[in-house]
Structure formats: C-alpha cells, structure tokens
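User: I've got a model open and I'd like to talk it through. Can you take my questions one at a time?

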Amino acid sequence: MRIAIPLVSLGFLAVCGLYARSSAMSTPYVSAASPQDAGRYLVIVGGCNDCHTPGWDQSQGRLPESKWLLGSDVGFRGPWGTSYPANLRLFVAHTSEAKWLRLAHAGMGDPPMPWANLHALSTRDARAIYAFVKALGPAGVEAAAYVPPNREPTTPYIVFEPRQPARP
Ligand code: HEC
C-alpha cells in the first residue's frame with residue numbers, strides 16, 4: 001500500500017489491507033448479496049462469456065449458466081500464433097484460489113485474452129469470480145492447445161490482424 005500512513009487511521013488501514021495488493025488497487029464490487037452473485041455479475045460485465053462461452057453472442061446473453069465458460073475450439077489467430085479461450089470451469093476445478101489470484105493480478109499470456117484488464121480486479125472481486133465459476137462446477141472438455149505462429153491450426157479460427165482496405 002502506498003497511502004501516506006500519517007493521514008489515515010489504523011482502522012482504515014486494516015480494512016484496506018484486506019483488499020490491498022498494489023498501488024493500482026480497485027474498489028471491489030460490494031453490493032451483491034453473495035460472492036457468487038457478485039461473481040456472476042462480474043463475469044457478465046467483464047465480458048468473459050464473449051470469448052469463453054460458445055454461442056454467447058448468438059443467444060444474446062440468454063444461454064443457461066450450465067453452458068457458461070466451457071471454452072472454445074475456435075481459435076484466435078494473429079502474430080502470436082493461435083490461442084483458444086480456455087475452459088474456465090475445468091481450469092477453476094484444478095486451480096487453487098491462491099493460484100487464481102496470482103493469475104488474476106499478474107498473469108500474462110496470449111491475446112486476445114484481456115490480461116491487463118484482469119490485473120485491475122480487486123482481490124475481493126477476483127475471489128467472487130472464482131467462487132461463481134467454482135460453483136458452476138466442472139463440465140465440458142479442454143479447449144484446443146495453443147498453436148505457434150509457424151504452424152497451421154487444425155480447428156476453425158478467427159484472423160485477428162489489422163488488414164489494409166483494398167485500394168480502388
Ligand atoms: C477477447 C476474448 C477473451 C475475453 C473477453 C476473455 N478471455 Fe480469457 N482467455 C482468452 C484466450 C484466447 C485465452 C488463452 C490465452 C493463452 O493461451 O495465453 C484466455 C485464457 C484465460 C485464462 C487462462 C486459463 C489457463 O488455462 O491458463 C483465464 C483464467 C481467463 N482467460 C479468464 C478470463 C476471465 C475471468 C475473463 C473475463 C473477465 C476473460 N478471461 C475474458 C480470451 C478471452
């Protein structure tokens with residue numbers, strides 16, 4: 001914490017300390033009834049379903065929760081290679097909360113996963129997402145494995161690269 005200590009009371013410090021992790025600390029989403037409800041809300045507004053839930057956009061967000069976050073076998077192909085949105089239901093099932101928090105706060109991987117956005121989550125909100133996904137339970141199969149740039153994917157993929165418009 002980098003708040004000037006003389007300016008704040010010890011009580012305030014103790015409360016902050018529960019959630020503090022860096023100077024970029026975010027305010028947690030506090031008004032939901034339970035961590036799971038907060039997690040559901042954060043997954044929706046955080047856009048996690050947009051990539052990690054097949055058919056989410058087509059259903060206009062009306063897929064039942066049993067189909068959420070099962071991962072996708074449609075890759076995103078760009079200069080980094082081809083990456084696949086992970087099955088978060090399986091991931092959470094075999095990942096401890098401590099490891100999840102480390103990943104949420106400092107994890108890096110391939111695009112288009114918005115890693116830097118995840119880093120802005122407060123600890124409390126990252127825990128809420130974990131609780132929600134864990135409660136959904138493990139389901140589905142692992143997404144396809146990452147393919148390096150010089151190899152051809154064997155699955156469908158979306159090309160994620162800027163293209164110049166054709167000149168008239
Ligand atoms: C624009 C698409 C996109 C969005 C939106 C997105 N992800 Fe991802 N996510 C991916 C891709 C692609 C990967 C695989 C990245 C890699 O291989 O490094 C990934 C990987 C992950 C991983 C790592 C899993 C593992 O096996 O290591 C976690 C955790 C994760 N995403 C959580 C989230 C959460 C939580 C949200 C919502 C706040 C979210 N993602 C939103 C595309 C997305």
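The questions below go from the overall fold to the metal site.

Analyst: Quick ground rules: this is a predicted model, where local features need pLDDT of at least 70 and side-chain atom pairs count only at pLDDT 80 or more, while totals for chains, interfaces and linings use all residues. Residues are numbered from 1 along each chain as its sequence is written, and side-chain values use heavy atoms, with hydrogens and water left out.

User: What pattern do the helices and strands follow along the protein chain?

Analyst: The protein chain has seven helices and three strands. Both are DSSP runs numbered from the N terminus: helices are H or I with at least four residues, strands are E with at least two. Read along the sequence, the pattern is α-α-α-β-β-α-α-α-α-β.

User: Which strands stand at the edges of the sheet?

Analyst: The sheet is open and mixed, in the order β2-β1-β3, and strands count as paired if DSSP finds at least two bridges between them. β1 (residues 75–78) is joined to β2 by three bridges and runs antiparallel to β2, with R77 opposite T82. Two strands have a single partner each, so one side of each is left without a neighbour in the sheet: β2 (81–83) and β3 (157–159).

User: Which residues of helix α5 are buried, and which are exposed?

Analyst: Buried means under 20% relative accessible area, exposed over 50%, and partly exposed in between, using a 1.4 Å probe on protein chains only. An α-helix has 3.6 residues a turn, so residues three or four places apart point the same way. In α5 (residues 97–106) the buried ones are W100, L101, A104 and H105. On the other side of α5, the exposed ones are R102 and A106.

User: Which residues coordinate the iron atom of the ligand?

Analyst: Donors are N, O and S atoms within 2.8 Å of the metal (3.2 Å for Na, K and Ca), and water is not among the atoms, so sites may look incomplete. Here the distances are 2.0 to 2.1 Å, and the residues are H52 (NE2) and M113 (SD). The pair links distant parts of the chain, helix α3 (residues 48–52) and the loop between α5 and α6, and the two residues are 61 residues apart: H52 and M113.

User: Is H52 buried or exposed?

Analyst: M113 is partly exposed, because its relative accessibility is 25%. The relative accessible area of H52 is 10%, so H52 counts as buried.
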